[in-house]
Amino acid sequence: MWLKFLRAHAAITRELSSRLEALHGLTLSDFDVLVQLYYAPERRLRRVDIARTVLLTASGVTRLLDGLERAGLVGKERCETDARVTYAVLTDIGTTAFEAALTTHVADVEELFNARFDQQERSTTSALLR
């Protein structure tokens, strides 16, 4: 069961990432960071908190954020009270890109995952994964 779970996860995430890249130029990891920023207070987070949330190393988050910054989707702000702290901030362009990607991504999740289960199976699986 564990191997089937891992293979299903890998297949679904590959397809979701492929669709996001084709339609919006975003990887699934890019999208994950944009989600975190979109719902964060003031649409900004400390970079270290992003690393914890998206399960990437600090250097992995730095590389990912550098790409999002070059694309104009994310900005960088220094903390006024602690020079060691840097925030990633969702830009207006990033907000627009995220909102456009969210619509198609939710539809893709529905098609590739949710539609394969009836309501009882979704409830049971959700309870088991808690």
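**From the sheet to a surface patch**

Strands β1 and β3 (residues 86–90) run antiparallel and pair over three bridges. Within this pairing, Leu 45 sits opposite Ala 88 of β3. The model you are looking at is predicted.

Now widen the view to the sheet. Strands of a sheet pair through backbone hydrogen bonds, and the pairing can be parallel or antiparallel. Here three strands build an open sheet, and their pairing is antiparallel. Their order across the sheet is β1-β3-β2. What stands at the edges? β1 (44–46) and β2 (74–78) do. Each has a single partner strand, so one side of each lacks a neighbour in the sheet. The strands are also turned against each other: between neighbours the angle is 30 degrees on average, with direction ignored.

Next, look for a helix on this sheet. Helix α4 covers residues 58–70 and packs on the sheet. The helix touches β2 and β3. The direction of α4 makes about 115 degrees with that of β2.

Finally, turn to the surface. Which residues form a nonpolar patch there? They are Trp 2, Leu 3, Phe 5, Leu 6 and Leu 129. Together they have about 570 Å² of accessible area. Helix α1 (residues 2–24) gives the largest share of the patch, with four residues.

Take Leu 6, which lies in helix α1. Is Leu 6 buried, partly exposed or exposed? Its relative accessibility is 36%. Buried means under 20%, and exposed means over 50%. The value for Leu 6 falls in between, so this residue counts as partly exposed.

Note on methods: Residues are numbered from 1 along each chain as its sequence is written. This is a predicted model: local features need pLDDT of at least 70, side-chain atom pairs count only at pLDDT 80 or more; totals for chains, interfaces and linings use all residues. Side-chain values use heavy atoms; hydrogens and water are left out. Two strands pair if DSSP finds at least two bridges between them. Helices (H or I, at least four residues) and strands (E, at least two) are DSSP runs, numbered from the N terminus. Axes are lines fitted to C-alpha atoms, for helices over the stretch in contact, and angles run from 0 to 180 degrees between N-to-C directions. Contact means heavy atoms within 4.5 Å. Patches are made of residues with over 30% relative accessible area and no salt bridge: like charges are joined within 9 Å, nonpolar side chains (Val, Leu, Ile, Met, Phe, Trp, Tyr) within 5 Å. Accessible areas come from the Shrake-Rupley method with a 1.4 Å probe; for residues, only the protein chains shown count as cover. A salt bridge is a side-chain nitrogen of Lys or Arg within 4 Å of a carboxyl oxygen of Asp or Glu. Buried means under 20% relative accessible area, exposed over 50%, partly exposed in between (1.4 Å probe, protein chains only).
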